Amino acid sequence: IDWQGETLLSLFCYEPSALVQLLDELAQNGINGQPVRLLVAAGRATQAVKAVMASKASKSHRNIHEISLQTNRYECDKLLISYLPLMNQTDFDHLLWASDINFVRGEDSIVRAIWAGKPFVWQISPQDDGAHGPKLEAFLDMLAAPPGLRTFHRIWNGLSGQALPPLTDASEWQQTVASNCQRLAQQSDLTSRLAQYAAKNR
């Protein structure tokens, strides 16, 4: 991408209802007033973002959607969008490491996001019986997440009808991620723990 020093935000998501709010906020204000480059993962994330942009273009009678399809990028005020190609796991890790804030989805990518050590927002896999709500709360408790991070997660996951707040608390979120990375790194690896368990139960 033709990066010009913008804050990098990666987006790997389903179709969150708060996506419209996020794009509007980033376009109007960026993050802390600084321009943002949104790096959109291929697949459902790209489809979701392009659907929002097409709706905006229709309402404003502008050809935004066609521009984004032709150039693979879109620029509006403080928001620049780059649509990424499909990536293997190694390249996806590199994306998480390079970005300033990561939006991830599902169980595998949240593990990678934690180890990347960058502020993140997780979209948990939704379940018809609503079980994903308590699971998300338990995850936030495990992180000892600060109030701002908890609020953002609840709204992003459709568990709260509040307006999505701006991404101004990312520095506080960084401390949360760093402390959890450190805690996890102090654990012994799975193979060692299995060997210890086997030795105890001979």
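**Entry 1: Leu39**

I listed the contacts of Leu39, leaving aside its neighbours within four places in sequence, and found Ile1, Leu8, Leu9, Ser10, Leu11, Ser82, Leu84, Leu95 and Ser99. I note that this is a predicted model. I then looked up where Leu39 sits, and found it in strand β2, which covers residues 36-40. Its relative accessible area came out at 5%, so I put Leu39 down as buried, the cut-off being under 20%. I also checked Leu39 against Trp3: the two are 36 residues apart along the chain, and their C-alpha atoms are separated by 11 Å.

**Entry 2: α6 and α7**

I took up helix α6 (residues 132-143) and helix α7 (residues 147-156) next. Their axes lie 11 Å apart, and the helices pack at an angle of about 160 degrees. Because angles over 145 degrees count as such, I wrote the pair down as roughly antiparallel. I recorded the crossing of α6 and α7 as right-handed. On the α6 side I found Leu136, Glu137, Leu140 and Asp141 making the contact, and on the α7 side Arg150, His153 and Arg154. Sorted by class, the contact has four charged, two nonpolar and one polar residues.

**Entry 3: the whole chain**

I counted nine helices and six strands in the protein chain. The radius of gyration is 18 Å, close to the 17 Å that the globule rule gives for 202 residues, so I noted the chain as being as compact as a globular protein of that length. Along the principal axes, the C-alpha atoms fill a box of roughly 70 × 35 × 30 Å. I found that 45% of the 202 residues count as buried. Of the contacts with a separation of 6 or more, 65% join residues 24 or more positions apart.

Note on methods:
Residues numbered from 1 in each chain as written. Predicted model: local features only at pLDDT ≥ 70, side-chain atom pairs only at ≥ 80, totals over all residues. Heavy atoms only, no water. Helix = DSSP H or I, 4+ residues; strand = E, 2+ residues; numbered from the N terminus. Buried < 20%, exposed > 50% of the residue type's maximum accessible area, 1.4 Å probe, protein only. Contact = heavy atoms within 4.5 Å. Axes fitted to C-alpha atoms, helices over the stretch in contact; angles between N-to-C directions. Parallel < 35°, antiparallel > 145°, perpendicular 65-115°, else oblique. Left-handed = near helix turned anticlockwise from the far one by under 90°. Nonpolar A, V, L, I, M, F, W, Y, C, P; charged D, E, K, R; others polar. Rg over C-alpha atoms; globule rule 2.2 N^0.38 Å.
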